[in-house]
Amino acid sequence: MENAKEKPINKLRDLFENYFPAFEFKYPQYATHHVKQTIQKILSCRTVVLGCKLYGCVEHGFGRVIPFSCGNRFCVSCANARGQAWLDEAVAVLTSIDTSYHFITITVPGSISQIIKFNKKLLLSEFFSSASGSLIYWSRKRGFLPGFVMVMQTSGDRLNFHVHIHLLITSGGLFFNRWIKNLHYPPDAILKSFKTLIFRALRRAYLNQDFVSPPEYADNACSSKEDFNKFLGKLWEINWNLHIAKDLKKAKDILGYIARYLKKPPISNSRIIEYDDSKIVFMARDYEKKKRLPYIMSLGYFFISLFEHVPIAHFPMVRWYGLFSNRNKKKYIELLQGLIPSKELKEKLDPRPLWRIKYEQKHGIDPLACPVCKKEMELLFCFSARMIKELGFLSFEEILRAFCFIQSF
Ligand SMILES: [Zn+2]
Ligand SMILES: [Zn+2]
């Protein structure tokens, strides 16, 4: 095993680069098109391959190429930036009105997680609609509309498939033009209605023949409609866990906690201790000893487990509902701010992209300023990945040369 300290900073990327080809050869069934595409994108992140923008000062002949990033949650360098951007935006929304929040966590039992694993696309969206539907239904019956953000996580500490939902909901909501305080969301009633909707979805999926049975249930539980209903009956008895932390004033801290893993890969760089071509050691929670200890896994199984959590394309794992839904947000926020006056108006966010702000903080210069006139260079061209391929550009230098520019810094 090599020493972790000598490794490049981005360990996940290094693992993909050095060991994925052998994995793909050995386990082609797990290296799906989607997985391969994701890895390809991560390995091409911030290179010319994914496309780029060309900025330049035509007068002074200085130019700069800004490559596109892959934006994938599994890409450590993108995840940090995106996590921060998401956090800034979410904090701005949640603190735009002066209310406290309830923090709800729903943990799904292992057997249900296992079923979701085999029916991801179908059931993950059912989870979103059922949980949000239960809360909106309960609140609407009491005459008010709350606002909430819901986040789904599929990964446990050992990369096992373990579904849990986090929800941050206003302690109250809007009733016509009034704010109604609500300091109690009843866990049992909400959980029951949530479970009912999920089980209805399972039954519907079975009848529509969309249901994929996990191998351990395939033979006896799912062979006929009667067996399936019996099987669901047993599943219903298993305890689901819903925990509510009430009346929290610091939505920002909880969002920080959610953001830490939300936009990031299920395993962070710092948890990976060492690896070689056959195994990997990473820190994972030991539930008996109640602390994180080194955990050894074969590299093949590590990849198989990890790829279960590759984000589904165009499937957001964070969604906003009620007062905070895209449809309602603009309509209500001003009214709400009038009703519950915000203590301090939030500062206007810097409109420049985060990388540019960070670069300036670090190097003391605006990366898009011309070194001679100091003016912002003009955006001259936007190359898509396809154009780069067609034009045959292999590096940033080639692009600058083609436009007779000198690299600005
Ligand atoms: Zn990236
Ligand atoms: Zn200039």
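Predicted model: local features only at pLDDT ≥ 70, side-chain atom pairs only at ≥ 80, totals over all residues.
I then looked up where methionine 387 sits, and found it in helix H13, which covers residues 385–391. Which residue did I compare with methionine 387 by C-alpha separation? I took glycine 51, which is 336 residues away along the chain, and the two C-alpha atoms are separated by 7.7 Å.

Along the principal axes, I found that the C-alpha atoms fill a box of roughly 75 × 60 × 45 Å. Of the 409 residues in the protein chain, I noted that 27% are buried. I also checked the contacts between residues at least 6 apart in sequence, and 72% of these join residues at least 24 apart.

I followed one sheet strand by strand: it is open, has 4 strands in the order S13-S1-S2-S14, and its pairing is mixed. Why is one side of S13 and of S14 left without a neighbour in the sheet? I found that S13 (378–384) and S14 (406–407) stand at the edges and each have a single partner strand, so one side of each remains without a neighbour there. For S14, I looked up the pairing with strand S2, residues 62–67, and noted that the two run in the parallel sense over 2 bridges. Within this pairing, I wrote down glutamine 407 of S14 as the bridge partner of glycine 63.

I then examined strand S4, residues 147–155, and its two pairings that I had listed. With strand S12, residues 318–322, S4 runs antiparallel and is joined by 5 bridges; here I noted that valine 149 has tryptophan 320 in S12 as its bridge partner. With strand S5, residues 161–170, S4 pairs in the antiparallel sense over 7 bridges, and I found methionine 150 opposite leucine 167 in S5.

Terms used:
Residues numbered from 1 in each chain as written. Chains lettered and ligands numbered in written order. Pairing = 2+ DSSP bridges. Buried ≥ 20, exposed ≤ 12 C-beta atoms within 10 Å, placed from the backbone. Contact = placed C-beta atoms within 7 Å.
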